[in-house]
Amino acid sequence: MPRRRPKRVDLNGWIVVDKSAGMTSTTVCNRIKRLTGGAKIGHGGALDPLATGVLPVALGQATKTVSWVMEGSKVYRFTMRWGEARDTDDADGRVTATSAVRPDDDAIRNVLPAFTGQIMQVPPRYSAVKIGGKRAYDLARADKEPDLQARPAEVIALRLERRIDDDLTEFTAETGKGVYVRAIARDLAAALGTVGHVSMLRRLRVGPFRVEDAIALEEMEALAHIDSESVFLLPTDMSLADIPALSVSEQEAAALRNGQALRLFSAADLSRIAGLRDGMTIRARMGEVLIAVARYESGTVRPVRVVNP
């Protein structure tokens, strides 16, 4: 007998998936969508099929906060294979060049500062960057060389963890938005007079979401469905944990949901806004319920993204 599809319910919140290798981020989202009976789905930053680790999946109203997750920092553990370049800059591609050069640990550590901070980075040929309306990976698959330009990127930290053997070295990287770890490996090898690619990539954190909080997709599927009582469904504003919170009344919550600004100029409001600065992004909450992401300016709170109950 075919398994009955779960009844669709309005689910709001985040699920932190520990993605397996060989699976696309879209596949993960589609399988979770089926488990929820068709809930609205989004994710907080795609992972390549080769990669494993943290894939935050937003349900319902939480999809309105995805952009703030995308802006957050990310932590990766990756293994680099020296002496072999691949067209995808990872183990899934075909070999395009080889080298007998194997840099030692001191040489590697000496060049790491050049790849830390604000850098310029050319995305991999096989990436989702758009060129003339087409994805770079579509052009590459059609044997057309994508015209990829260097763009600013932020690498907050890059650390050599251990030498596995002559060919493999393990690193940890903390990055800002839009950084390609595959490009870091490619350029690091070039700076050391050799070639290389990422042979293993695992994402350990995305913003506030950590691998320790992640659950394998197979474990969720073993439960047959996801509902509002699922222990792995996290609150909608978990994605905004690093953003200051402002407590609002029921009347103020209604005003924000109607797109109206709050003007907090009374003496009673001073304690609420004491720690806020002009231009700051805040989250307005009524009790434990997220009402809106808002912008604070000189005593005025303007809703930027309203979250419905």
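1. Start at the end of helix α5. The residue G193 follows this helix, and its phi is positive, near 75 degrees. Keep in mind that this is a predicted model.

2. Now the helix itself. In α5, the buried residues are V181, R182, A183, I184, A185, L188 and A189. Their cover includes strands β4, β7 (117-121), β10, β11 and β12, along with helix α3.

3. Next, the largest nonpolar core. It has 26 residues. Those touching the most other members are F78, W82, L158, F171 and L188. At least two residues each come from β4 (74-82), α3 (105-111), β10 (151-163), β11 (168-175), α5 (181-191) and β12 (196-206). Helix α5 gives the largest share, five residues.

4. F171 deserves a look. Setting aside neighbours within four places in sequence, F171 is in contact with Y76, R77, F78, M80, W82, I108, L112, R159, L160, E161 and L188. There is also a second, separate core. That core has 18 residues, among them A253, I282, I291 and A292.

5. Turn to the aromatic pairs. The structure holds two of them. In one, W14 and F209 have ring centres 5.0 Å apart and planes at 40 degrees, so the pair is tilted. W14 sits in strand β1 and F209 in strand β13 (residues 209-210), 195 residues apart. W14 is buried at 0% relative accessibility. F209 is buried too, at 1%.

6. The other pair joins F78 and F171. Their ring centres lie 5.2 Å apart with planes at 15 degrees, so this pair is stacked. It links strand β4, which holds F78, to strand β11, which holds F171, across 93 residues. F78 is buried, with a relative accessible area of 0%. F171 is also buried, again with a value of 0%.

7. Salt bridges come next; the count is 21. One joins the side chains of D18 and R202, at 2.9 Å from N to O. D18 belongs to strand β1 (residues 13-19) and R202 to strand β12, so the bridge ties together parts 184 residues apart in sequence. R202 is partly exposed, with a relative accessible area of 25%.

8. Another salt bridge runs between E221 and R31, with the closest N and O atoms 2.7 Å apart. E221 is in helix α6 (residues 217-222) and R31 in helix α1 (residues 25-35), so parts 190 residues apart in sequence are tied together. E221 is partly exposed, at 23% relative accessible area.

9. What about R86 and E84: buried or exposed? Both are buried. They form a salt bridge with the closest N and O atoms 2.8 Å apart. Elsewhere, salt bridges with shared partners join D237, R283, R285 and E288 into one network.

10. Last, a sheet. Five strands form an open sheet with mixed pairing, in the order β14-β16-β17-β18-β15. Its edge strands, β14 (245-247) and β15 (262-263), each pair on one side only. β15 pairs with β18 (residues 300-306) in the antiparallel sense, over two bridges. Within that pairing, R263 has T300 of β18 as its bridge partner. Helix α7 (residues 250-257) packs on the sheet and touches β14, β15, β16 (280-286), β17 (289-297) and β18. The direction of α7 makes about 75 degrees with that of β17.

Technical notes
Residues are numbered from 1 along each chain as its sequence is written. This is a predicted model: local features need pLDDT of at least 70, side-chain atom pairs count only at pLDDT 80 or more; totals for chains, interfaces and linings use all residues. Side-chain values use heavy atoms; hydrogens and water are left out. Two strands pair if DSSP finds at least two bridges between them. Helices (H or I, at least four residues) and strands (E, at least two) are DSSP runs, numbered from the N terminus. Contact means heavy atoms within 4.5 Å. Axes are lines fitted to C-alpha atoms, for helices over the stretch in contact, and angles run from 0 to 180 degrees between N-to-C directions. A nonpolar core is a set of buried Ala, Val, Leu, Ile, Met, Phe, Trp, Tyr and Cys residues joined through side-chain atoms within 4.5 Å. Buried means under 20% relative accessible area, exposed over 50%, partly exposed in between (1.4 Å probe, protein chains only). A salt bridge is a side-chain nitrogen of Lys or Arg within 4 Å of a carboxyl oxygen of Asp or Glu. Rings of Phe, Tyr and Trp (its six-membered ring) pair if their centres lie within 6.5 Å; planes under 30 degrees apart count as stacked, over 60 as edge-to-face and the rest as tilted.
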